[in-house]
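Please keep the sequence and the structure in view as you read.

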Amino acid sequence: MGRRLQTEAALTFMKICLMIFNFIFWLTGIGLLVIGIWMKVSLYQFLQLSDEYNNVAPYVFIGTGAAITVVGFFACCCTVKGQPVLLYLLSAFLVVVFVLELGAAISGYIFRGKLNTGFRTGLHQALKKYKGHNSVQDKDLDLLQSTLHCCGVDNYTDWFETHWSSKTKSVPVSCCKIEKNCKNKPLTVVTDIFQQGCYEKVVNFVNGNLKIIGGGAVAIACFQLLGVLLACCLAKNVNKAKYEPVA
């Protein structure tokens, strides 16, 4: 009888641990969903300036986050019912998600080099196509310069080589530190504008954010291994308890 009580206590403890894991797992799903939406709404405006950028990335985070949120609820139901088949099914799903997330993180790290190279090409193309007519691409470039406090690709003189500025030697208003006091058409006072180029700043900005996102994804993926271990242990002990004698 004592062994039976010990087994029941162990099952209860493992259920509690797995429920805590499921709740944290559900929160990570919400987190990935928020990151995906943020990438689509905010970071996307910078990322799309690289000609190597794949616009599927935000949807991958949104889809993964939504799936984890749903599965987190399913995992709680599996834990409460304590059915070994459901627990092993949960373990299998967590392993699949772990492999996919780890593969995505490795691919993202490798792709980062191409993304950086693509920024230089993309920025040069954006400057050449700039017309100042508030097109989507013009707005993205203006937002980049005003947000990161930069001008041009390597420095502000890159604008003088563009068709938009070749005759006037001007820079866009987005290069100005204070718009109302800025003499940018033609440029007469260099100290009125941001003189540093955007390439280095945008690469540092994007890489900094991608490192946080990638590190978080790897941490979440490794954390799922704990869920696999807990679910398998619980399923194994549930089966063991079924056949354990009362005496």
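## Cysteines and their disulfides

Cys-176 is buried, with a relative accessible area of 7%, where buried means under 20% relative accessible area, exposed means over 50%, and partly exposed lies in between (1.4 Å probe, protein chains only). The model is predicted, and local features need pLDDT of at least 70, side-chain atom pairs count only at pLDDT 80 or more, while totals for chains, interfaces and linings use all residues. Residues are numbered from 1 along each chain as its sequence is written, and side-chain values use heavy atoms, with hydrogens and water left out.

A disulfide is a covalent bond between the sulfur atoms of two cysteines. Here a disulfide is counted when a pair of cysteine sulfur atoms lies within 2.5 Å, and by this rule there are 3 disulfides.

**The pair Cys-176 and Cys-182**

- Cys-176 forms a disulfide with Cys-182, and their sulfur atoms are 2.1 Å apart.
- The torsion about the S-S bond of Cys-176 and Cys-182 is about -70°, so this disulfide is left-handed.
- Cys-182, at 12% relative accessibility, counts as buried.

**The pair Cys-150 and Cys-198**

- Cys-150 is joined to Cys-198 by a disulfide with an S to S distance of 2.1 Å.
- Because Cys-150 lies in the loop between helix H4 (136-148) and helix H5 (198-243), and Cys-198 lies in helix H5, the pair ties together parts that are 48 residues apart in sequence; helices are DSSP runs (H or I, at least four residues), numbered together with strands (E, at least two) from the N terminus.
- The torsion about the S-S bond of Cys-150 and Cys-198 is about 95°, so the disulfide is right-handed.
- Cys-150 is buried at 0% relative accessibility, and Cys-198 is buried with a relative accessible area of 0%.

**The pair Cys-151 and Cys-175**

- The sulfur atoms of Cys-151 and Cys-175 are 2.2 Å apart, and the two residues form a disulfide.
- Cys-151 and Cys-175 are each in the loop between H4 and H5, 24 residues apart.
- With a torsion of about 85° about the S-S bond, the disulfide of Cys-151 and Cys-175 is right-handed.
- Cys-151 is buried, its relative accessible area being 0%, and Cys-175 counts as buried at 0% relative accessibility.

- When bonded cysteines are counted along the chain, the disulfides follow the pattern 1-6, 2-3, 4-5.
- Cys-232 is in no disulfide, and the nearest cysteine sulfur, that of Cys-233, is 7.1 Å away, which is too far for a bond.
- Cys-232 counts as partly exposed at 28% relative accessibility, and Cys-233 counts as partly exposed at 30%.
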